Amino acid sequence: MDWADDISYATHDLEDYFRAGLIPLHGLSVDKDRIVKHGLRRLKGYEGFDESRFQDELDTIIDEFGGHLHSQFWETRRNRVHMNKITSGHLTRFVEAVRLLDEPPYVAVDQASQYRVAALKELTWFYVIDRPPLAIQQEGQKRIIGSLFDRLIACLEKSPSSPKIPIQLRVLYRDITHDDATRGVSDKNKEARCARAVTDYICLLTEAQAVDLGKRLAGRSQSSMFGTWFN
């Protein structure tokens with residue numbers, strides 16, 4: 001699961017950010033030294049991390065994109081063709097980098113591919129995740145999610161069947177409770193069930209829905225009760 005998530009970050013997400021104009025894949029060489037320093041500062045604490053291998057992969061990636069993408073505009077035919085070719089090549093390589101083992105950890109990933117993925121992900125960290133405007137926004141989002149989690153937990157613990165609780169959350173809690181009962185898990189785990197159900201429910205929400213639900217629970221929403229996503 002972790003490797004599949006990494007592959008997605010290193011391929012499809014990277015492509016989406018290029019299309020959105022957030023990562024200048026066509027001109028990475030301009031920021032090359034800063035990208036390298038940013039990556040080494042962020043990753044050098046990991047046990048066994050080889051700085052030279054990471055830097056070599058970054059150099060290769062910068063040359064690869066810069067040698068094929070010739071403008072910031074995704075919608076040029078030439079860029080689409082080359083971007084699709086690069087992404088397809090990466091996907092094939094990363095999927096084939098996995099080997100199954102007969103003993104823990106049961107899955108092994110080729111080290112060279114791990115460094116390539118780390119280097120590709122670094123572009124997202126440098127241009128998107130660690131940008132000050134996004135960091136400020138994320139801090140606010142953490143507060144919203146934290147408050148939403150606490151409020152929903154309180155509601156669910158008080159009365160799991162209350163009509164004040166979104167239907168989908170009630171269903172999630174009911175299914176978890178039934179699954180635990182089937183496995184013979186003690187009824188004393190109500191707190192854990194609530195936390196699991198609320199976590200799963202929040203993960204299903206879009207950003208706009210999470211903000212709207214937070215306002216509803218705080219009594220500050222101006223949305224109509226009719227024709228809404230909320231149920």
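The side chains of Glu-57 and Arg-116 meet in a salt bridge, with N to O at 2.5 Å. A salt bridge here is a side-chain nitrogen of Lys or Arg within 4 Å of a carboxyl oxygen of Asp or Glu. The pair links distant parts of the chain: Glu-57 sits in helix α3, Arg-116 in helix α5, 59 residues apart. Helices (H or I, at least four residues) and strands (E, at least two) are DSSP runs, numbered from the N terminus.

This is a predicted model, in which local features need pLDDT of at least 70 and side-chain atom pairs count only at pLDDT 80 or more, while totals for chains, interfaces and linings use all residues. Residues are numbered from 1 along each chain as its sequence is written, and side-chain values use heavy atoms, with hydrogens and water left out.

**Salt bridges**

The structure holds 8 salt bridges. Three of them are tabulated here.

| Pair | N to O distance |
|---|---|
| Glu-57 and Arg-116 | 2.5 Å |
| Lys-121 and Asp-6 | 2.8 Å |
| Lys-32 and Asp-59 | 3.3 Å |

Lys-121 and Asp-6 form a salt bridge. This pair joins helix α5, which holds Lys-121, to helix α1, which holds Asp-6, across 115 residues. Lys-32 pairs with Asp-59. Lys-32 lies in helix α2 and Asp-59 in helix α3 (residues 51-68), so this bridge ties together parts 27 residues apart in sequence.

Buried means under 20% relative accessible area, exposed over 50%, and partly exposed in between (1.4 Å probe, protein chains only). Why does Glu-57 count as buried? Because its relative accessibility is 14%. Arg-116 is buried too, with a relative accessible area of 9%. Lys-121 is partly exposed at 21%, as is Asp-6 at 22%. Lys-32 is partly exposed at 30%.

**Largest pocket**

A pocket is found on a 1 Å grid over the protein atoms alone: it is an open set of points where a 1.4 Å probe fits, with protein on both sides within 12 Å along at least five of seven lines. Lining residues have an atom within 4 Å of a point. The largest pocket has a volume of about 570 Å³, the volume being the space filled by probe spheres set on the points, which are joined across faces, edges and corners.

Its lining takes in 18 residues. Nearest the centre lie Asp-6, Leu-43, Tyr-46, Gln-114 and Ala-118. Helices α1 (2-19), α2 (32-43) and α5 (111-129) each supply at least two lining residues. The largest share, 9 residues, comes from α5.

**Aromatic pairs**

Rings of Phe, Tyr and Trp (its six-membered ring) pair if their centres lie within 6.5 Å; planes under 30 degrees apart count as stacked, over 60 as edge-to-face and the rest as tilted. The count comes to 4 aromatic pairs. Phe-49 and Phe-54 form a tilted pair, 5.6 Å centre to centre with 55° between the planes. Phe-49 is buried at 19% relative accessibility, and Phe-54 is buried at 0%. The rings of Phe-126 and Tyr-127 have centres 4.8 Å apart and planes at 90°, so that pair is edge-to-face. Phe-126 and Tyr-127 are both buried. Ring pairs also link Phe-49, Phe-54 and Tyr-115 into a cluster.

**Surface and strand**

Leu-100 is in strand β1 (residues 98-100). Leu-100 is exposed, with a relative accessible area of 71%.
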